[in-house]
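User: Could you walk me through this one with me? I'd like to start with the packing inside and then move on to whatever else stands out.

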Amino acid sequence: MSTKKVAVVTGGNRGLGFEASRQLAKKGYKVILTSRDAAKGKAAAQQLQSEGLDVISHPLDVTSDDSNRKLAEFIHQQFGKLDVLVNNAGIYIDNQAGGNSVFNAKIDTLQQTIDSNVYGPLRVTQALIPLMKEQNYGRIVNVSSGMGQLNDMEEGSPAYRISKTALNALTRIFASELKGTNILVNSVCPGWVKTDMGGSEAPRTPEQGVDTIVWLATTPDGGATGGFFRDRQPIDW
Ligand SMILES: NC(=O)c1ccc[n+]([C@@H]2O[C@H](COP(=O)([O-])OP(=O)(O)OC[C@H]3O[C@@H](n4cnc5c(N)ncnc54)[C@H](OP(=O)(O)O)[C@@H]3O)[C@@H](O)[C@H]2O)c1
């Protein structure tokens, strides 16, 4: 079993997932940077290795059961445990101007979005939770969005909004089922961040965006669970 803490980041080849991989490795974690495109994941991991960081890549398409099973087997064989899971991979495909009214929303768009943003993290967590349960230690961070807050729900991009509300529900359900264990599960809104998804107008850098993600991923025993955070503060659901 690895003495270092082992972290998996989904969608690690770019954006927030890439930066979260970098910051976790800087904190001394062995990071498995996962990517649905193996070559892009390898290139991203190589970039972080060239910065002196302990990062390896492994393919993972969060929408594929087979891909999740292969990742779980790899981690079981190589490390025998998992300490951190950052469910970061996500898509935002109903953000086009004029194409995002709920009254015109295509069910196919909703299905694709929910498959990636909700069933994706569910599949990954189902595959990897045994590696946390065995050692009674784990930190799961679900990268959500303020756009999923029911408290502040607005029109536009219904697929993305619904997916993040449902992801937050998963956070609550996971945390409830894991009550009394040392596996802590939380949702994060990273704020509006300059990535391919966030666009160039976004005010936050990826480093700022991942601060709360990394803070929750490295939270000490007895830390928060079943919460929703932005800028290290609890926010409304
Ligand atoms: N940027 C923001 O302002 C913002 C705000 C709130 C929340 N978020 C959330 O933060 C997370 C990361 O966003 P980002 O801004 O970094 O987005 P991004 O730049 O678009 O990156 C998304 C990542 O998810 C991966 N991905 C998508 N579908 C996948 C699948 N089926 N399997 C594996 N990986 C998959 C992408 O892989 P490919 O390269 O192969 O496409 C990419 O690595 C998302 O969950 C997003 O909803 C972002």
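User: Which residues have the most contacts inside the largest nonpolar core?

Analyst: This is a predicted model; its largest nonpolar core has 27 residues, and those with the most contacts inside it are Leu-24, Val-31, Val-55, Val-84, Val-86 and Ile-213. The elements giving two or more residues to this core are strand 1 (6-9), helix 1 (15-26), strand 2 (30-35), helix 2 (38-50), strand 4 (84-87), strand 5 (138-143) and helix 6 (206-217).

User: And what does Val-84 touch, leaving aside its neighbours within four places in sequence?

Analyst: With those set aside, Val-84 is in contact with Val-6, Ala-7, Val-8, Leu-24, Tyr-29, Met-132, Arg-139 and Ala-217. Another core, of 26 residues, lies apart from the largest one, and Val-8, Ala-72, Leu-82 and Leu-85 are among its members.

User: Back to helix 1: how many of its residues are buried?

Analyst: Of its 12 residues, 10 are buried, so helix 1 is largely enclosed by the rest of the structure. The buried residues of helix 1 pack against strand 1, strand 2, helix 2, strand 3 (55-59), strand 4 and helix 6.

User: What span should it have, at 1.5 Å a residue?

Analyst: The 12 residues of helix 1 should span 16 Å, and its end C-alpha atoms are 17 Å apart, which agrees. Gly-28, which follows helix 1, has a positive phi, near 95°.

Conventions:
Residues numbered from 1 in each chain as written. Predicted model: local features only at pLDDT ≥ 70, side-chain atom pairs only at ≥ 80, totals over all residues. Heavy atoms only, no water. Core = buried A, V, L, I, M, F, W, Y, C linked by side-chain atoms within 4.5 Å. Buried < 20%, exposed > 50% of the residue type's maximum accessible area, 1.4 Å probe, protein only. Helix = DSSP H or I, 4+ residues; strand = E, 2+ residues; numbered from the N terminus. Contact = heavy atoms within 4.5 Å. Expected span 1.5 Å × (residues − 1).
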